[in-house]
Amino acid sequence: MIYFVIFYPVLAAFVSVWLGRRNSRAQGTFVVCSTGAVLAAMVLAAFTGFGSSAAIPVCQLTFALDGFRCVYGIVVAFMWFVSALLSPQYFLGHRNLNRYYFFFLMTLSSTAGVFLSADLYTTFLFFEMMSFGSYVWVVQEETPGAIDAGKTYLTIAVLGGLVTLMGLFILYHLTGTLVISQLQGACAAVENRSALWGAAVCILFGFGAKAGMFPLHIWLPKAHPVAPAPASALLSGVLTKAGLFGVILVTAQILPYNTGWGNLILVLGAITMVLGAVIAVFSNNLKYILACSSLSQIGFILTGIAMTCLLGEENALAANGAVLYMMNHSLVKLTLFLFAGVVYINTHALDLNQIRGYGRGKPLLHALFLCGACSLAGIPGFCGYLSKTLVHESIVEYAHLSGSWAITAVEWLFLFSGGLTAAYLLKIYVALFWQKAPERAHWNDGSWGMPLSKAALLLAALTLPVLGLLPHGLSERITALTLSFTGGQPFAHAVHYFSLTNLKGVAISLIIGALVYIFFIRRALIHQEHSQPVYLARWPEWLSLEESVYKPFFAWLIRVLSVIIRFFCDILDLLVLFIRKTILRDSRVRVNRHRYSTVARSIAKASPLDEQQVSDRMGTFRDTASRMTNSLSFSLLMTCLGLCVVLIFILLYVFF
Amino acid sequence: MLLIIILLPVLTGLMMPHFPSGHRRGKFFFLLASQTIEVSLVLFSVLSGKIYASNIWHLTESLTIGFKLDGVAAVFCLLTVVSWLLTVLYSYEYMQHEHGHEANFYAFLFISEGMLLGTSLSADFVSMYVFYELTSLCSMPLVLYERTRKAITGAVKYLYYSIGGAFFVLFGIVVLYDNTYTLNFAAGGTLIPGHHTQLVLAAVFCVILGFGTKAGLFPMHNWLPTAHPVAPAPASALLSGIITKAGVIGILRVIFFVAGADRLRGTWVQTTCLTMALFTVFMGSMMAYAEKNFKKRLAYSSISQISYVLTGFFVLSQEGLMGGLLQVTFHAAAKIALFYIAGILICLAGVRSVERFRGVGRRMPLTFACFILVSLSLVGIPPFGGFVSKWFIAQAALDALPGAMAYIAPAVLLVSALLTAGYLFPPIIRGFLPGEDLPADPALRLREPWPLTVPLVILAAICGILGFFPGFITSVMQHIAGSVL
């Protein structure tokens, strides 16, 4: 079954290209069926072969099916399936569909490979394939923005991949194994802790880059909005999780319960969390807001992972919360990006000023959006509430245990970011569903989607309340499966999700969100023009890490290095040139009479010869002189002279 | 047997100018047949498992010209004959687009093959030196082929550098002659212990420097970017992919078969050579990154990639040697394929500079699909071949090198890999993604003739398949490395 999940999509990719040459409708159907088959196979594998493992020795690939892998394998297959459902409508009339579907299926294979891998070599191999496959999604539209975003994406992906590889080199050198289940023991035995830390940081670099962790997040808000919506949903929902998979792996297996490591992740996570939310509040493009929101949510999850690490034996809340948060984010982003896709199909715009009021009079769409948004904001009754509460409680617990003000600050940042989440969602919600449409809007007001697309959104959105309303029956059971991988402990006692203390955190967040919306967004970012709201872009352009720090720095570095390197590269040629110009000059006689014309003119005035004659004579003289100095006998003469000098020196040295 | 292997291509080459002109097809089939026989001969001798050895001639009592087919030689010979076979196929179509004396081209192509096989098969230092020199001389006319000013400059530079390098080698031979039991190659080295240690080390260093000229090792590397791009594409493919490996095999022989890894480990020779190789790795990539002419970029890339091999060797461990040999194989496959691609681009699309690649990928998708595969291999992205070799080289460096060097070496390799991605991916991206304003016009589609694409696809498949199933080739290389160290 595992083989089917991983290799069938590769086969299907080729078949889909073959089909696409003939009939693009059949291609769409085929892709939907294929992803459905993979989903079925994955579910079947999880139920029949739980705990089993598989290996392909000739390729040195190994796979396993334990709790976390099963859960995320199913999530991956499910998301691909749902995203494929929307694709036929979204890509109606698009070109280069063959390419899209080919890489859509290829990336399904490699992403499943990442999550099912049992050793880091396999993980890395599929991780790289996934990076390159998803690059094609980013550039699919071939707009200048897409190509630029693709460039950033690929640069970070290649850089991340190679740094991770360095980490793997060192790790393998230190431990002699890359099998994930053996790593914990092997790493504990390593003497050279600083090298192990180096390996961990290198591995974190690559996986963190894919997850969108600060300061390597720059590709994320650029790449997610330009990709086609079904692909954005996957980029945001699953591919970032492949990065988090690696982060969890390092945290739980290489440096388990290491305080320094936990603090590092915590700091990076907290920055990512606040940064993403702040940019999202300022943005006006629906997909850009969602992308920044992803950034922020990744920060929340990283905080949860850090807490798992920091809390050690008491990390039940954090470990369960982090995984639940990952699932929640995957599903929410699936819903919301598909929603954005629907909006884009019908309006061909994503800017809030243009799509304003699109959702009015569409109750189903309204409900679906609310499902996603409420879960993201953490409203009780949805999956997001459970995960946010768990992570929040774990921070409170650690603040209590460590008594450090810094952790309390992180708690407040957590609540504040939660508030900002609510604020930017409110901004989208009000704009799309309550404000009036601009007058020149000309979208079709009929049905907003084909039945297939509606099914896709329904499938994605309905999972959220189901998970949210069954905290003990479903959610906790799922996360309990994953604890062996994340290094978490089971709950010591039942969690009362809907108790007053837990509701308080959400209430604070929501109040912050409402305040931000009313007093900041409405005041500073919305401008009333002819009693019509206009959303303003107030985020300063220069405040971009990529444009103002990375690009200038690397451009400068490359320039300096290339000058230095060019010098070294040509050093031997330069030496030869130098020798030829000085010691071993070409014995070509240069006849340049006009060089002496000024001298010749002055001599000609004082002599009976005319200017030309003087010049000629001088030229001849120079020729003779250069001929002489260049001749062999002259060289011999000079050698002779040199020998004489040496002889005299020796004589003097000996006698005196 | 070995003599036949060496002489067959030489004779074929010598016959070429005497063929009646006009029988292009006949000539081609003759060459193809001869090369196929050559490949089967080499395959037969390698697979038969016997160690062929023959002494041809005694120069003096202790200096002989002799041949021996051991594991290392087998790797290089197989690579050589297979690449030549593919190149003959490729040239049949490609050389139609070149103006010049085609028969001479084939003549020198085949004579160089014979000489190169001689270099790989030599059983002692002196015969290797002779064949090495002959390889340089016989491959020089390939660079000269177009007879333009640039070509002449390139050829002269090639000659000067090669001969300059050979003098270093000669010096080394003279010194080593006095300080070894025999100049015949023997695994583990033949140095007389305790004899003029520093002088011997200096001699070994000179030999490495001399052979390094051919392998593009800093500081004697600068002829590559001048000479390789001016040759016709099939010739530059072989020059870059295979003939540079003459230097590699020279270094391999002197390190492991004359001086012996144990004598060099930890000495200044190892440190200096390793530093030079690592610097070359970085320098080559950096220069390639800055270069706009595609063939020149590939030549710089060769400088960098061959020094990966040398880095592996200079680690002086079994794993390093194994990684180096793997890198020899994968670099040859990838670089020959890349030069084929450059040739296809020149003769079908008329594109030389990477800046003009925009939209070309759409016009010849098959060529560019192969371009993607071999580039991924050259960068070292799994599951392609280049990754396997880089993995072993980096592991060897981490395991065997002392101190900070253990970490610097893999880091440099990876920085260079990053630059490799930087100079190979943008042309591909430009080729496939010209932007939405360039319409997809089916009329612009270029049809590549099959003799140009078949060798290319084979090479790309080698990179892909051997990378995805590395078990077989790694075990073979491990066996060879194990027999040396």
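**View 1. The end of helix H14 in chain B.** In this predicted model, H14(B) gives way to B:Gly350, a residue with a positive phi near 70°. The helix itself covers residues 318–349 of chain B. With 32 residues, H14(B) runs 45 Å from its first C-alpha to its last, close to the 46 Å expected at 1.5 Å a residue.

View 2. Is H14(B) mostly covered or mostly uncovered? Mostly covered: 28 of its 32 residues are buried. For chain B as a whole, 61% of the 485 residues count as buried.

**View 3. The fold of chain B.** Here you can trace 20 helices and two strands in chain B. The radius of gyration of this chain is 21 Å, close to the 23 Å that the globule rule gives for 485 residues, so chain B is as compact as a globular protein of that length. Its C-alpha trace spans about 75 × 55 × 45 Å along the principal axes. Among contacts in chain B with a separation of 6 or more, 80% join residues 24 or more positions apart.

**View 4. Where chain A meets chain B.** Across this interface, 31 residues of chain A are in contact with 28 residues of chain B. On the chain A side, helices H5 (120–139), H6 (144–175), H21 (545–569) and H22 (571–582) each supply at least two residues. Which helix gives the most to this side of chain A? That is H6(A), with twelve residues. By residue class, the side of chain A that touches chain B has 22 nonpolar, three polar and six charged residues.

Terms used
Residues numbered from 1 in each chain as written. Chains lettered and ligands numbered in written order. Predicted model: local features only at pLDDT ≥ 70, side-chain atom pairs only at ≥ 80, totals over all residues. Contact = placed C-beta atoms within 7 Å. Helix = DSSP H or I, 4+ residues; strand = E, 2+ residues; numbered from the N terminus. Nonpolar A, V, L, I, M, F, W, Y, C, P; charged D, E, K, R; others polar. Rg over C-alpha atoms; globule rule 2.2 N^0.38 Å. Buried ≥ 20, exposed ≤ 12 C-beta atoms within 10 Å, placed from the backbone. Expected span 1.5 Å × (residues − 1).
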